[in-house]
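Reader: I am new to this structure and would like a close look at a single part of it, taken slowly. Please begin with the question that follows.

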Amino acid sequence: MKKLINNPRSVVAESLEGFGLAHHDLVQIHLDPDYVLRRDVPVQGKVGLVSGGGSGHEPLHSGYVGQGMLTAAVPGAVFTSPTPDQILPAIVKSDSGSGVLLVVKNYTGDILNFETAAELAGVEGIDIRTVVVNDDVAVEDSTYTAGRRGVAGTVLLERIAGGAADRGDVLAKVAEIAERVNANVRSMGVALAPCTVPHAGEPSFTLAEDEIEMGVGIHGEPGRHRVPMTTADSITDQLMEPVLSDLGVASGDRVLLFVNGMGGTPLSELYIVYRRAAQILADRGARVERSLVGNYITALEMEGASVTVLRLDDELTDLWDSPVNTPALRWGV
């Protein structure tokens with residue numbers, strides 16, 4: 001294992017320290033317990049947005065703390081859910097009196113720990129709503145989940161719900177918009193090669209030289225099946241078919257197309273995937289009105305990609321376009 005680390009057990013803390021130094025104008029870092037806050041919290045009169053999960057998926061979630069996205073992010077150990085004693089202070093600091101929306105990816109540990117923290121926050125008088133992201137069409141149940149996993153659609157949901165919070169929507173409205181995004185977004189990923197968790201010191205799974213994992217999860221969980229390596233167009237076809245079928249994309253639909261890298265795939269290859277995905281949508285008569293390409297929710301250095309399609313309406317499009325100023329996403333500022 002070759003990694004730019006000092007000690008496998010200090011990876012998260014040292015990475016957070018560096019992140020805070022690099023983006024001190026946008027965020028503030030709290031250690032022991034670990035969480036990341038907007039520099040300007042609390043934003044009076046605005047709903048707070050809090051999310052989190054295991055580290056190793058950067059820039060998710062800490063990279064999306066700031067104007068137009070999250071109020072706070074709570075990173076756990078690598079591929080490990082954050083604990084309630086981390087999540088609770090992040091919720092408390094994020095509340096300006098207008099309540100807090102929790103954005104939780106559908107993994108058993110995340111669900112249980114955020115639920116516990118929400119109950120404790122409720123005792124303190126904070127109004128809490130929760131949206132569970134479950135956009136992965138690859139499998140219904142997985143190593144870490146009951147039901148569908150929450151994957152790249154989380155980025156889009158945090159951006160759009162964060163835009164709603166920043167324009168001053170009340171908690172019930174922000175939650176409704178988040179649920180609308182979740183209902184209209186689907187994703188599926190592929191792995192060409194595994195990643196190595198620092199404290200494990202060995203790959204999270206193995207693939208033959210000529211083999212790929214279709215439907216892989218963001219922790220390396222098994223997908224639908226393993227198939228021989230093939231062309232980028234063929235792989236994209238196999239990802240897009242279940243995404244579009246499950247979402248029910250029809251002619252005339254307006255969509256956002258998001259091609260995400262898993263951490264170890266060059267951007268040039270992601271654009272080759274995007275090219276084919278856009279062709280498939282055009283053939284169906286769908287209109288790609290917004291796009292995103294890059295490494296926005298990763299699995300350490302895993303080689304691979306995912307495709308995500310979000311069905312848009314006027315309000316979701318306006319919120320996507322609204323100003324955002326975070327370490328990982330920035331426009332309109």
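Is Y296 buried or exposed, and what is its relative accessible area?

Author: In this predicted model, Y296 is buried, because its relative accessible area is 16% and the cut-off for buried is under 20%. The ring of Y296 forms an aromatic pair with F258, and the two are edge-to-face, with 5.9 Å from centre to centre and 65 degrees between the planes. F258 lies in strand β10, residues 254–261, while Y296 lies in the loop between β11 (287–294) and β12 (303–311), so the pair ties together parts that are 38 residues apart in sequence. F258 is buried as well, with a relative accessible area of 0%.

The count of aromatic pairs comes to two, and W320 and W331 form a pair that is tilted, with 5.2 Å from centre to centre and 50 degrees between the planes. Here W320 belongs to helix α8, residues 314–321, and W331 to strand β14, residues 330–331, so this pair ties together parts that are eleven residues apart in sequence. As for accessibility, W320 counts as buried at 4%, whereas W331, with a relative accessible area of 25%, is partly exposed. To return to the residue you asked about, Y296 is a buried loop residue whose ring meets that of F258 edge-to-face.

How values were computed
Residues numbered from 1 in each chain as written. Predicted model: local features only at pLDDT ≥ 70, side-chain atom pairs only at ≥ 80, totals over all residues. Heavy atoms only, no water. Phe/Tyr/Trp six-rings, centres within 6.5 Å; stacked < 30°, edge-to-face > 60°. Helix = DSSP H or I, 4+ residues; strand = E, 2+ residues; numbered from the N terminus. Buried < 20%, exposed > 50% of the residue type's maximum accessible area, 1.4 Å probe, protein only.
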